[in-house]
2 protein chains.
Amino acid sequence: MIASTPAPPYYAVIFTSLRTELDGDAYSIMADAMEELAKQQPGYLGIESARSEIGITVSYWESPEAIKSWKENVQHRVAQKLGKEKWYAAFKTRVCKVERDYGM
Amino acid sequence: MIASTPAPPYYAVIFTSLRTELDGDAYSIMADAMEELAKQQPGYLGIESARSEIGITVSYWESPEAIKSWKENVQHRVAQKLGKEKWYAAFKTRVCKVERDYGM
């Protein structure tokens with residue numbers, strides 16, 4: 001789903017990843033769990049996700065503080081650690097300010 | 001491929017789309033052509049793309065001016081028009097300033 005976000009400014013975290021071939025089922029369960037958990041965080045605005053050769057997940061947030069809290073969430077930190085150790089061959093996280101948007 | 005981008009700040013355009021079922025071959029040809037054309041634009045830094053239920057393409061740019069020039073590129077405008085008329089059931093474009101990044 002395309003996320004319904006408020007008028008800018010708001011914030012985006014672009015998470016781009018290349019998976020290893022390890023542990024597909026556990027990864028999927030954790031990815032779904034993290035998406036559900038993100039939705040419960042203060043300042044959460046929406047999420048968009050797609051995967052083909054690489055995966056791109058963009059989450060949207062009200063403020064830099066909301067992003068920081070999510071990054072430091074204890075369950076999320078466990079997922080990040082497993083991601084680095086097992087699931088991702090490479091990843092990049094980019095924290096952005098959304099300055100304008102348009103669409104149809 | 002995960003894009004190799006310079007140290008922030010730089011700019012990102014997050015383009016999220018939901019396809020119609022129309023015209024798959026022409027769409028793919030145009031999408032590839034637009035990616036090649038983007039790479040030739042001044043200020044282009046990189047591109048990342050994935051599609052499953054929705055498509056997410058993130059292009060990276062040196063400046064807001066580079067983004068504006070790309071948006072107004074004549075061949076790109078033809079593609080945008082066809083996209084609105086035929087290929088996309090919905091889309092959202094978000095223009096962002098990348099404030100920090102990290103990865104492995």
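**How the two chains relate**

By what turn and what shift along the axis can chain B be laid on chain A? A turn of 180 degrees and a shift of 0.0 Å along the axis will do it, with an RMSD of 0.0 Å. This is the relation of a two-fold axis. The same surface serves both copies, since 100% of the contact residues of chain B recur in chain A. Keep in mind as you look around that this is a predicted model.

**One sheet across two chains**

Let us follow the strands from one side to the other. An open sheet of eight strands runs in the order β2(A)-β3(A)-β1(A)-β4(A)-β4(B)-β1(B)-β3(B)-β2(B), and the pairing is antiparallel. β2 of chain A and β2 of chain B stand at the edges, each with a single partner strand, so one side of each has no neighbour in the sheet. From one strand to the next, the twist averages 25 degrees.

Strands of a sheet pair through backbone hydrogen bonds, and they can do so in a parallel or an antiparallel way.

**Where the chains meet**

Chain B gives 30 residues to the contact, and chain A gives 30 residues as well. On the side of chain B that touches chain A, β1, β2, β3 and β4 of chain B each supply at least two residues. The largest share, 14 residues, comes from β4(B). Sorted by class, this side of chain B has 16 nonpolar, five polar and nine charged residues.

The two β4 strands also pair with each other: 11 bridges join β4(A) to β4(B), which run antiparallel. To find one of these places in the structure, look for Lys92(A), whose bridge partner in β4(B) is Gly103(B).

**A closer look at β3 of chain B**

Which strands pair with β3(B)? One is β1(B), which covers residues 10-19 and pairs with β3(B) in the antiparallel sense over seven bridges. Here Ile14(B) has Val58(B) as its bridge partner. The other is β2(B), residues 44-51, joined to β3(B) by seven bridges and also antiparallel. Here Ile47(B) has Ser59(B) as its bridge partner. A hairpin of three residues links β2(B) to β3(B).

Ala12(A) stands opposite Tyr60(A) in β3(A).

**The helix of chain B**

Helix α1(B) covers residues 24-39 and has 16 residues. From its first C-alpha to its last the helix reaches 23 Å, close to the 22 Å expected at 1.5 Å a residue. α1(B) is hardly covered, and among its 16 residues the count of buried ones is one.

**A bend in the backbone rules**

Most peptide bonds are trans. Where can you find a cis one in chain A? Look at the bond from Pro8(A) to Pro9(A), which is cis with omega near 5 degrees. Pro9(A) is found in the segment before β1 of chain A.

In chain B, the bond from Pro8(B) to Pro9(B) is cis too, again with omega near 5 degrees. Pro9(B) lies in the segment before β1 of chain B.

Key:
Residues are numbered from 1 along each chain as its sequence is written. Chains are lettered from A and ligands numbered from 1 in the order in which they are written. This is a predicted model: local features need pLDDT of at least 70, side-chain atom pairs count only at pLDDT 80 or more; totals for chains, interfaces and linings use all residues. Two strands pair if DSSP finds at least two bridges between them. Helices (H or I, at least four residues) and strands (E, at least two) are DSSP runs, numbered from the N terminus. Copies are superposed by least squares on the C-alpha atoms of residues with pLDDT of at least 70 in both. Two residues are in contact if their C-beta atoms, placed from the backbone, lie within 7 Å. The expected span of a helix is 1.5 Å times one less than its number of residues. A residue is buried if 20 or more other C-beta atoms lie within 10 Å of its own, exposed if 12 or fewer, and partly exposed in between; C-beta atoms are placed from the backbone. Ala, Val, Leu, Ile, Met, Phe, Trp, Tyr, Cys and Pro count as nonpolar, Asp, Glu, Lys and Arg as charged, and the others, Gly among them, as polar. Axes are lines fitted to C-alpha atoms, for helices over the stretch in contact, and angles run from 0 to 180 degrees between N-to-C directions.
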